[in-house]
Amino acid sequence: MNNPLITNDTVVFGLIALCLGFIFYTSSRKTGFWNSFYSVVPAVLMCYLLPAILASLGIVSDEKSNLYFMASRYLLPAALVLMTLSIDLKAIMNLGSKALIMFLTGSAGIIIGGPIAILIVSIFSPETVGGNDFDAIWRGLSTIAGSWIGGGANQAAMLEIFQYNPQKYGGMVLIDIVVANVWMAIILLGVGRTKKIDKWLKADTSAIESLKIKVADYTDKITRVPTLNDYIIILAFAFTAVGISHFFGDYISAYLNSTFESVSDTKSFLSFMGSDFFWMVVIATGLGIFLSFTKAKEYEGAGASKIGSVFIYILVATIGMKMDLGMVLDNPGLIAIGFIWIAIHAGLLILVAKIIKAPFFFLAVGSQANVGGAASAPVVAAEFHPSLTSVGVLLAVFGYVVGTGGALLCAYLMEIASKI
């Protein structure tokens, strides 16, 4: 997508606003076609798909837009603060170990899924998984493993470690974007069927429901008609925190990169600590949790988390712009590897969730904390309930920690599989 019809970000943002307005208006209808439509397709999925359709038709292009950068760097940390403002940390701790188990299961699914996908595709198309020296496909796939277990910093580490041919790296980025976004769409579709899925999994959702009820009761108790003063103060909390998270995030990442070789070396296990985005997410989440112990928590009654939700939906729409559905046909062999890979990841998650009777929420967020990272996990968590946003954030941060090590193991296994 080199020459989209619209390249002016102001106009593109207007289109996104129009899409979101249309979706929320039609989803509010209580009768007729739209009521039936949204009983099947969740509104959040449409917030993702409409921009994807615009990108696929060549009307807009993420490559020519800075809106995702704006949403992920400005609105995401603001949303993290506002949606953790009313957090009950003790109640989240009471959710138990299943969230962590499902996250680690998701990581394991990525680690074993890569080599298994190579073995399966090699039966039908050995040339697709071949290549020699720095053109070897397994080297390129190692960057996807880094992205799907951790994030951008871990992906860059794999590219540096295995030195995949830069001229062919675009194909790996294609797999990452297409497969990860299709999988996110499937998860969002499942959110609308959470009760049915939990019933099939025989999941115990009591801890999650207890947290949601507790937050809802607290919100009802402090709810008031918001004033202009309330909105200004809420936005002051949010964007002051954004400024602080960027300031200290940039400073900490620069300091660690300049002081510790183990951080500045992109081949190091600790290289993720040199990412300013990582520190931005950590600091913004920490500030939100800190505010939850102060009187600022009462601004939840004036709609703090609702404003945070607005920011999240804008982020969802900009993520959707990354998904050009036509790109799926560009390299069917590599795309097939990606879909087999993610299917193994999904299958293992479903198997373990069934065994330990984990709620679909833990499956969905555990998966996105791996595959989608800090930008996607809070989106999925918030769709279940705003009070659960921080669960997605905490797991996504953990993904950065295990990303490089997990991706290295996956890469070595893929090298072995490619030579069988």
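Colleague: Why does cysteine 410 count as buried?

Modeller: Buried means under 20% relative accessible area, exposed means over 50%, and partly exposed lies in between, with a 1.4 Å probe and protein chains only. Cysteine 410 has a relative accessibility of 0%, so this residue counts as buried. The model is predicted: local features need pLDDT of at least 70, side-chain atom pairs count only at pLDDT 80 or more, and totals for chains, interfaces and linings use all residues. Residues are numbered from 1 along each chain as its sequence is written, and side-chain values use heavy atoms, with hydrogens and water left out.

Colleague: Why does cysteine 19 count as buried?

Modeller: The relative accessibility of cysteine 19 is 12%, so cysteine 19 counts as buried. This residue is found in helix α1, residues 9–27; a helix here is a DSSP run of H or I with at least four residues, numbered from the N terminus.

Colleague: Which residues does cysteine 19 touch?

Modeller: With residues up to four places away in sequence not counted, cysteine 19 touches Leu50 and Leu54; contact means heavy atoms within 4.5 Å. Cysteine 19 and aspartate 324 are 305 residues apart in sequence, and their C-alpha atoms are 17 Å apart in space.

Colleague: How many disulfides are there by the rule applied here?

Modeller: A disulfide is a pair of cysteine sulfur atoms within 2.5 Å, and by this rule the count is zero. For cysteine 19, the nearest cysteine sulfur is that of cysteine 47, 8.8 Å away, and cysteine 19 is in no disulfide.

Colleague: What makes α7 largely enclosed by the rest of the structure?

Modeller: Of the 13 residues of α7, 13 are buried, so this helix is largely enclosed by the rest of the structure. Helix α7 covers residues 137–149 and reaches 19 Å from its first C-alpha to its last, close to the 18 Å expected. The expected span is 1.5 Å times one less than the number of residues.

Colleague: Why is arginine 139 called buried?

Modeller: Arginine 139, which lies in helix α7, has a relative accessibility of 18% and therefore counts as buried. Arginine 139 touches Asp133, Phe134, Phe162 and Tyr164, not counting residues up to four places away in sequence.

Colleague: Why is lysine 202 called exposed, and why is lysine 357 called partly exposed?

Modeller: Lysine 202 has a relative accessible area of 59% and is therefore exposed. For lysine 357 the value is 42%, so this residue is partly exposed.

Colleague: Where do these two lysines lie, and what are their phi values?

Modeller: Lysine 202 lies in the loop between α10 (194–201) and α11 (206–222), and its phi is near 55°, a positive value in a residue other than glycine. Lysine 357 is found in the loop between α16 and α17 (360–371). Just after α16, lysine 357 takes a positive phi of about 60°.

Colleague: What is the span of α16, and how do α6 and α16 cross?

Modeller: With 25 residues, α16 reaches 36 Å from its first C-alpha to its last, close to the 36 Å expected. The axes of α6 (residues 98–124) and α16 (residues 332–356) come within 7 Å and cross at roughly 145°. Axes are lines fitted to C-alpha atoms, for helices over the stretch in contact, and angles run from 0 to 180 degrees between N-to-C directions.
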